Amino acid sequence: MDAALLDELMGIALEEARAAIEHDDVPIGAVVARLADGEVVTRRHNERERTADPTAHAEVLALRDAAEAVGSWRLDECVLVVTLEPCAMCAGAAVSARIGMVAFGATDPKAGALGTLYNLASDPRLNHEFPVTADVRADECAALLEQFFVSRRD
């Protein structure tokens, strides 16, 4: 998938991330799109605070919706684009969904599981591997998170 299309999809993920702030959720957004043409299948944002559900991460919600939309749990023809490097739960969900590719913005030094702390995308012990593109609009993604946490400390 070309860089311009990933940039556009990250723009949508950033819109979703901003929507999470409206209900006091950490601003993380995710988009699932078709690898072939970039058509958006679904877009979601964090809803842990809104739903009191510890698994309501943007990526998990987007993968669930995408599976329903395409009529299959196998999402090998899709890309997951997310504003923050997925945690182990979300990276594991991408592996389980047989995602075709993941692209993310900011790295996560505390929980990143697609290259920072772990790399579940390329662990040969797992039943699926996929390519990862990091640092898509990373500065913008990181700034949104930083602004959110600074505002909560004030």
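Start at helix α4, whose buried residues pack against α3 (58-70) and β4; contact here means heavy atoms within 4.5 Å. This is a predicted model, in which local features need pLDDT of at least 70 and side-chain atom pairs count only at pLDDT 80 or more, while totals for chains, interfaces and linings use all residues. Residues are numbered from 1 along each chain as its sequence is written, and side-chain values use heavy atoms, with hydrogens and water left out. Helices (H or I, at least four residues) and strands (E, at least two) are DSSP runs, numbered from the N terminus.

Select residues 88-96, helix α4: Cys90, Ala91, Ala94 and Val95 are its buried residues. Buried means under 20% relative accessible area, exposed over 50%, and partly exposed in between (1.4 Å probe, protein chains only). Look down the axis of α4: the buried residues fall within an arc of 145°, so they line one face of the helix. The arc is taken from the directions from the helix axis to the C-beta atoms. An α-helix has 3.6 residues a turn, so residues three or four places apart point the same way.

Finish with Phe148 and Phe149. A search of the whole structure finds 1 aromatic pair. Phe148 and Phe149 form this edge-to-face pair, 5.1 Å centre to centre with 75° between the planes. Rings of Phe, Tyr and Trp (its six-membered ring) pair if their centres lie within 6.5 Å; planes under 30 degrees apart count as stacked, over 60 as edge-to-face and the rest as tilted. Phe148 counts as buried at 6% relative accessibility, whereas Phe149, at 35%, counts as partly exposed.
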